[in-house]
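Please keep the sequence and the structure in view while reading.

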Amino acid sequence: MTYKNIKICACLAAAMCSCFAAGCAGSDKKDTSSALTTTAPVIESKADTADTDNSVVQAESAADESSQAEPKKEFTPGEGLEKTAALFSGAYTYKTEVTYSDEAAGNVSEVTQASDGKNFYQNNKSVTESGFAEDFTYLRSGDKSYYIDNNTSAFTSKTSAEELNIYQAIIDQQLDVTSTHIPEDTEGCKVEEYTYTGDTYITVYDLYFSKKTGDIKKYTATYITEGDDDIIQTVKVKEITDSADEKLFDTDFTEDMTDFDNISEDTRLGFCQGVCATYNISTDDMYKMDITTDDLKKISFDKFFELVCTYAKPKK
């Protein structure tokens with residue numbers, strides 16, 4: 001999984017929870033924190049003040065009439081979506097396999113989410129036919145949040161680990177119920193479609209449910225932006241249970257890993273140089289991201305993680 005798609009994976013779900021969509025660090029997508037509805041623009045007149053005021057009144061009146069003529073349809077979640085979202089209301093373990101249309105067919109990300117109703121855990125582990133395999137974890141335990149890079153055995157406690165539940169987010173944001181993207185071949189499943197329309201992008205979610213049991217089997221998220229090729233994220237559901245292993249929420253790992261936020265500049269430099277040597281990241285690779293060796297003394301965890309995800313090669 002590329003660094004871009006790592007961010008999209010997290011942001012697609014977080015998008016609807018906080019309405020910032022793919023405006024996350026490391027993504028090219030624009031922030032879309034504005035409301036889903038827009039106000040009709042005011043048309044200014046070059047005439048005198050009275051005419052200007054009259055134009056404004058007319059424009060506002062037309063906008064009001066248009067709003068009254070086409071009220072937003074009441075949102076009613078489909079049976080499959082409502083049933084699935086309810087599974088995340090308490091303790092659960094949720095395992096999926098994620099692929100992207102712009103990556104090699106053999107590249108798969110195995111994602112495990114778990115919650116005991118209070119704490120939250122998510123691990124993303126990529127499986128590749130060749131190349132570097134990412135392995136990172138988000139953890140919210142008690143009042144602390146961590147982002148952990150398991151390959152480098154380092155963590156930061158500054159990154160918030162929000163619970164990413166795409167099903168409840170669709171309900172909370174009352175996305176438009178659509179059917180324009182549902183394929184002819186639904187793989188023997190019943191499909192429910194929901195669409196989020198931003199200022200510069202559209203995300204279409206197609207949820208596939210078993211016709212026999214109503215259980216979620218997979219969903220696709222088609223990410224459409226102006227001037228870019230569509231990226232399709234396919235998420236196959238491997239397991240959903242109503243319990244979680246409490247060991248996942250332990251913070252004992254901090255004793256054996258590097259606390260990236262709380263090491264000296266010299267220690268950070270040595271640590272980063274060691275990781276670069278281990279994963280064959282050259283100074284030329286660093287320069288492509290405008291990073292010099294001296295920068296490694298003060299580099300942020302997020303920036304260094306981006307460097308590793310982008311240029312790391314398998315260990316020799």
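Leaving aside its neighbours within four places in sequence, L81 is in contact with F75, Y167, I170, I171, E192, Y194, L207 and F209, where contact means heavy atoms within 4.5 Å. The model is predicted, and local features need pLDDT of at least 70, side-chain atom pairs count only at pLDDT 80 or more, and totals for chains, interfaces and linings use all residues. Residues are numbered from 1 along each chain as its sequence is written, and side-chain values use heavy atoms, with hydrogens and water left out.

L81 belongs to the largest nonpolar core, which has 28 residues; L81, Y94, Y167, I170 and L207 touch the most other members. Such a core is a set of buried Ala, Val, Leu, Ile, Met, Phe, Trp, Tyr and Cys residues joined through side-chain atoms within 4.5 Å. Here buried means under 20% relative accessible area, exposed means over 50%, and partly exposed lies in between (1.4 Å probe, protein chains only). At least two residues of this core come from each of α3 (79-86), β1 (92-100), α4 (166-173), β8 (189-197), β9 (201-210), β10 (216-225) and β11 (231-241). These elements are DSSP runs numbered from the N terminus, with helices being H or I of at least four residues and strands being E of at least two. Apart from this core lies another, of 26 residues, among them L269, V275, I281 and A312.

The helix that carries L81 may be considered next. In α3, the residues G80, L81, T84 and A85 are buried. They lie on the same side of α3 because they cover an arc of only 125° around the axis, the arc being that of the directions from the helix axis to the C-beta atoms. As a general point, an α-helix has 3.6 residues a turn, so residues three or four places apart point the same way. The buried residues of α3 pack against α4, β8, β9 and β10.

Two strands are taken to pair if DSSP finds at least two bridges between them.

On to β9, the antiparallel pairing of β8 comprises 9 bridges, with V191 opposite Y208 in β9. A hairpin joins β8 to β9 through 3 residues. β8 is mostly covered, as 7 of its 9 residues are buried.

Further along the sheet, T96 is found in strand β1. T96 counts as buried because its relative accessibility is 5%. Not counting residues up to four places away in sequence, T96 touches S109, E110, V111, V235, K236, V237 and K238. Strand β4 (residues 135-141) and strand β5 (residues 144-149) form an antiparallel pair over 6 bridges, in which T137 stands opposite I148 in β5.

F155 lies in strand β6 (residues 154-156) and, at 3% relative accessibility, counts as buried. F155 and D259 are 104 residues apart in sequence, yet 5.5 Å apart in space, C-alpha to C-alpha. Residues up to four places away in sequence aside, F155 also touches others, including Y146, Y147, I148, F253 and F301.

The cysteines deserve a brief remark. The count comes to 0 disulfides, a disulfide being a pair of cysteine sulfur atoms within 2.5 Å. The sulfur of C276 is 6.6 Å from the closest cysteine sulfur, in C272, which is too far for a bond. C276 is buried, with a relative accessible area of 6%, and C309 counts as buried at 8% relative accessibility.

Finally, the protein as a whole has 7 helices and 12 strands. Buried residues make up 43% of its 316 residues. Among the contacts with a separation of 6 or more, 51% join residues 24 or more positions apart. The accessible surface comes to about 17,000 Å², of which 46% belongs to carbon and sulfur atoms; accessible areas come from the Shrake-Rupley method with a 1.4 Å probe, and for residues only the protein chains shown count as cover.
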